[in-house]
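Here are my notes on the model you sent over.

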Amino acid sequence: AKQQGKAGFVRYVDGLGEPVLAHMQLGGELRRALDNNEFRVVYQPIMRLDGSRLFGVEALVRWHHPSRGVVGPAEFIPAAERTGLIVPLGRFVLRETCRQAASWLAEFGPDALHEAGLNVSARQLHDPDFVADVAAALAESGLPCERLVLEVTESAVLRGQQVSRALYDLDRMGIRLALDDFGTGESSLSLLRAFPAAIVKLDKSFVDGIEIDDGHPAAAGARQAVARAVIQLAHALGLDTVAEGIESPEQVATLRELGYTLGQGFHLAHPMPAAEVSRLLAHQQSA
Ligand code: C2E
Ligand code: CA
Ligand code: CA
Ligand code: CA
């Protein structure tokens, strides 16, 4: 939850209402943390819903703070965006993810990992060097461009001319773009026409309670209707879909009935360090 404090200071508080980090001190701390290599990338598997083999991963950043322990992105990405530090931080995540994905492909072969995705903020898309940074990360790592997915949200895409230039340049380079948190914005549908998306990620809010037997059949019906509309639209436009935030086997069953083939969520796999993904890939290869 986000609370507006005195003098425009923004405090992020967790579910227990415990103050975590005040905005002003955060800018300087993030700079120091970046110089100190305190950021780590974890990877959440994107699984095939039939038989639970790994299809891809999404990179998610973590801050290993020397005294606070592991801090999640919700607590520092907004400040990183406001201060502009998201640009160097995002560049770190990009290079690390490309390097790691290329290393998995080299170790486990081209069928082990179809794609590696990462989140990109509006601020990064506005950075005139962004497209060149992506090209450099691919070249350095040797990761084929079609294996990289850049996840952007609707609100990021809707911000301006330079953003759409960058998105079209990336699309032309063969990089796949995913519309993240799909369905939560105000103009998801018209956006799909104007944006070179390859993938839509059905937001968790439509997956929550989608299973019909949760005691609220009407609410489940409405979510199913949205999920069904999204997959029909995606198929009509030739887009792939990923359902996000899957927390139960009942949700998997319902999503499969609706035609979803790929999903992500705590029921399938939590975000994990690269070494754990390696173990999963090794296990799958021997199975
Ligand atoms: P997102 O892109 O929508 O990523 C999915 C978030 O949902 C992740 O939270 C993930 O851990 C969580 N999640 C996955 N499955 C489940 C589930 O079954 N149940 C629940 N309750 N949650 C689930 P995380 O890692 O805390 O990231 C939060 C957000 O921070 C991300 O949302 C993304 O918008 C942003 N973020 C993370 N890493 C980066 C990054 O490197 N760059 C940028 N710009 N943003 C990032
Ligand atoms: Ca995402
Ligand atoms: Ca998402
Ligand atoms: Ca989200």
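Predicted model: local features only at pLDDT ≥ 70, side-chain atom pairs only at ≥ 80, totals over all residues.

The points below go from the overall fold to the metal sites, then the strands, the cores and the salt bridges.

1. The protein chain has 12 helices and 12 strands. Of its 287 residues, 50% count as buried. Taking contacts between residues at least 6 apart in sequence, 65% join residues at least 24 apart.

2. I'd start with the calcium ion (ligand 2). Its coordinating atoms come from E58 (OE), N119 (OD1), E151 (OE) and D180 (OD), at 2.1 to 2.3 Å. Along the chain these donors are spaced E-x60-N-x31-E-x28-D. Two of them come from distant parts of the chain: E58 sits in strand β5 (residues 54-65) and E151 in strand β8, 93 residues apart. Both of these glutamates, E58 and E151, are buried.

3. Next, the calcium ion (ligand 3).

4. Which residue bridges the calcium ion (ligand 3) and the calcium ion (ligand 2)? That would be D180, and the ions lie 3.9 Å apart. D180 counts as buried because its relative accessibility is 7%. D181, at 27% relative accessibility, counts as partly exposed.

5. Now for strand β9 (residues 176-182), where six of the seven residues are buried. On one hand, β9 pairs with strand β8 (residues 148-153) in the parallel sense, over five bridges; V149 stands opposite R176 of β9. On the other, three bridges join β9 to strand β10 (residues 199-202), again running parallel. In that pairing F182 is opposite L202 of β10.

6. Have a look at D203, in the loop between β10 and α9 (204-207). D203 is buried yet has no salt bridge, and the nearest side chain of opposite charge, K204, is 8.1 Å away. What is D203 in contact with, leaving aside neighbours within four places in sequence? The list is D181, F182, T184 and E244.

7. On the nonpolar side, the largest core has 82 residues, and L148, L150 and Y260 touch the most other members. Helix α3 (residues 86-108) gives the most to this core, with 11 residues. A second, separate core has seven residues, among them F55, A178, V242 and L262. As background, nonpolar side chains tend to be buried together in soluble globular proteins. Back to Y260: leaving out residues up to four places away in sequence, Y260 touches L49, L202, A227, V230, I231, T241, A243 and L255.

8. The salt bridges come to 15. My pick is K201 with E151, at 2.6 Å from N to O. K201 lies in strand β10 and E151 in strand β8, so this pair ties together parts that are 50 residues apart in sequence. Buried or exposed, at 1% relative accessibility, is K201? K201 counts as buried, and E151 is buried too, with a relative accessible area of 2%. Keep in mind that E151 also coordinates the calcium ion (ligand 2).

9. Another salt bridge joins R68 and E29, with the closest N and O atoms 3.2 Å apart. R68 is in the loop between β5 and β6 (69-71) and E29 in helix α1 (residues 23-35), so this one spans distant parts of the chain, 39 residues apart. R68 is partly exposed at 35% relative accessibility, whereas E29 is buried, with a relative accessible area of 14%. Both belong to a network of salt bridges that links E29, R32, E38 and R68.

10. Last one: R172 and D169 meet in a salt bridge (3.4 Å, N to O). They are three residues apart in helix α7 (residues 161-172), which means they are separated by about one helical turn. R172 is exposed, with a relative accessible area of 64%, while D169 counts as buried at 18% relative accessibility.

Note on methods
Residues numbered from 1 in each chain as written. Chains lettered and ligands numbered in written order. Heavy atoms only, no water. Donors = N, O, S within 2.8 Å, 3.2 Å for Na, K, Ca; no water. Buried < 20%, exposed > 50% of the residue type's maximum accessible area, 1.4 Å probe, protein only. Helix = DSSP H or I, 4+ residues; strand = E, 2+ residues; numbered from the N terminus. Pairing = 2+ DSSP bridges. Lys, Arg positive; Asp, Glu negative; His and termini not counted. Salt bridge = Lys/Arg side-chain N within 4 Å of Asp/Glu carboxyl O. Contact = heavy atoms within 4.5 Å. Core = buried A, V, L, I, M, F, W, Y, C linked by side-chain atoms within 4.5 Å.
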